[in-house]
Amino acid sequence: MTYLLIVLVAIIIALMLYNIVVYKRIQNFSNINQKITGLNVLQDFMDTIGEYTSVDEKIEKINEILIEKYDIKYSTIVMFDGAEYVIKASNVQEQHWEALRSLHNQDIFKDSITTATPKYVTVNNDTERLPYQTMEFGRAKSAMFFPLYVDNVYIGYWIIESGEPHAFDNIDTTILEVVKENIIAVYKTVSYQSTVENIARKDLFSGLNSAEYLYGKGKKTIDKYTTSTVCMFKIINLEQTNKEYSRETGNDMIQEISEHISNSISSEYIFVRYMGPKFVIVFSGIDLDAVVEFVQDLKNGIEKLEIQEVLEDVDIEDLDDKEVRFVKPKLNFVLTTYYKGTALESVTKKLEEYLDNANKDESDINNI
């Protein structure tokens, strides 16, 4: 009997040890799966950065990935833009957005923001509502709030919600912390682009958008196509016109050239004043070979323009015809191909370097 008891105890101990080993293996397997999922999500984030053009589109797509990969009911990303809190992405109905972009004012989340730690709130039954809910009752019963920081600077928050009470009681917060860090990493990556999009301005003399437009909203149009032709030209006698005639005459030259080109190209093409005497036209979706003849005609047409000298404090009608001077623009063009997904700024930099290093009298159409 004693021997049988010893055997039974040994079997029980062996089974317990086996269960512990199996449990650890399951945990390890679960951790590996979580890491793989995290890596896959991060890869999806990186793909989104390259695939989508505007910052808002990228953040919205990232939120969609979070909802799909982690089976989240509601997910909302709110950023502080320096003046106000803005919902950058959410799958919650807009009627609830006012409450969601005001969570920083809620006492239950203030400590979370101050200490940079997540906050979990839930209700115990369906008759209760979460503290921050104002006009809604049955939508969300549990929520996790994550303050977002970049280099110790508070930039906003991410909140996930569920329609079930205590939905996040057993959730692995370390995974969500990784997700939060991925959101921050993507935000840091696109923050420069956001700045570029917001500083694009209209040029005073040409009436054209500045170069920043090209890399922001303009790129959204360009990247509808796999390849496009980028054309940069320089008014090579603009500086001479400013000196020998007047700066006002040079400004008139810029205006007439800009108007001539704007009236000659499709609205799908992007035309900006790049810098000083240099301008850029992007022929969206058009091959380089198909552009050359058009650019040649454009160049010929512009160089036939006659810009009348602007004379201050002089009535032009009082001058003899021989005293009225005119100047014709001289342009130097360079073209190249842009491929979707590559760095557009690198392409324009290459064209700019060519024009800056070309012979100052060169007036041609070059392909590089």
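The protein has 11 helices and 13 strands, and the model described here is a predicted one. Of its 368 residues, 40% count as buried. Among contacts with a separation of 6 or more, 64% are accounted for by residues 24 or more positions apart. The accessible surface of the protein comes to about 20,600 Å², and carbon and sulfur atoms hold 50% of that area.

The account may begin with one of the sheets. Five strands, in the order β2-β1-β5-β4-β3, form an open sheet with antiparallel pairing. At its edges stand β2 (85-90) and β3 (119-122), each of which pairs on one side only. From one strand to the next, the twist averages 20°. Within this sheet, strand β4 (residues 142-150) pairs with β5 in the antiparallel sense over 9 bridges. In general, the strands of a sheet pair through backbone hydrogen bonds, either parallel or antiparallel.

A helix accompanies these strands. Helix α4 lies across β3, β4 and β5, and runs at about 35° to β4. Ile113 has its place in this helix, which covers residues 107-115. Is Ile113 buried or exposed? Its relative accessible area is 11%, and because the limit for a buried residue is under 20%, Ile113 counts as buried. Leaving aside neighbours within four places in sequence, the residues in contact with Ile113 are His104, Phe145, Pro147, Tyr149 and Tyr154. The C-alpha atoms of Ile113 and Gly156 are separated by 8.9 Å, although the two residues are 43 residues apart along the chain.

Strand β5 (residues 153-162) also contains Ser162. This serine is buried, with a relative accessible area of 11%. A polar atom of the Ser162 side chain lies 3.1 Å from the backbone nitrogen of Glu164. Not counting residues up to four places away in sequence, Ser162 touches Lys73, Arg139, Ala140, Lys141, Ser142, Ala167 and Phe168.

Which strands make up the open sheet with mixed pairing? There are 6 of them, in the order β6-β8-β9-β7-β12-β13. Its edge strands, β6 (209-210) and β13 (365-367), each pair on one side only.

With β7, strand β9 pairs in the antiparallel sense over 6 bridges. Met232 has Val280 of β9 as its bridge partner, and the partner of Val230 in β9 is Val282. Strand β8 also runs antiparallel to β9, and 5 bridges join the two. Here Val280 is the bridge partner of Val272. Strands β8 and β9 form a hairpin with 2 residues between them, and Gly276 in the turn has a positive phi of about 55°.

Why is β9 described as largely enclosed by the rest of the structure? The reason is that 6 of the 6 residues of β9 are buried. Lys278, Val280 and Val282 point one way from the strand, while Phe279, Ile281 and Phe283 point the other way, and all are buried.

Helix α9 lies across β7, β8 (270-275), β9 and β12, and its direction is at about 155° to β7. Helix α11 (residues 344-357) packs on the sheet as well, touching β7, β8, β9, β12 and β13, and its direction makes about 35° with that of β7.

The interior can now be considered. In soluble globular proteins, nonpolar side chains tend to be buried together. The largest nonpolar core in this model has 26 residues, of which Phe233, Ile235, Ile261 and Ile281 touch the most other members. Two or more residues of this core come from each of β7 (227-235), α9 (247-262), β9 (278-283), α10 (288-302) and β12 (331-339). Helix α10 gives the most, with 5 residues. Apart from this core lies another, of 20 residues, among them Leu66, Ile72, Ile160 and Val179.

Note on methods:
Residues numbered from 1 in each chain as written. Predicted model: local features only at pLDDT ≥ 70, side-chain atom pairs only at ≥ 80, totals over all residues. Heavy atoms only, no water. Helix = DSSP H or I, 4+ residues; strand = E, 2+ residues; numbered from the N terminus. Buried < 20%, exposed > 50% of the residue type's maximum accessible area, 1.4 Å probe, protein only. Contact = heavy atoms within 4.5 Å. Areas by Shrake-Rupley, 256 points an atom, 1.4 Å probe, with all protein chains shown as cover. Core = buried A, V, L, I, M, F, W, Y, C linked by side-chain atoms within 4.5 Å. Pairing = 2+ DSSP bridges. Axes fitted to C-alpha atoms, helices over the stretch in contact; angles between N-to-C directions. Polar contact = N/O pair within 3.5 Å; in protein donor to acceptor, adjacent residues only side chain to side chain.
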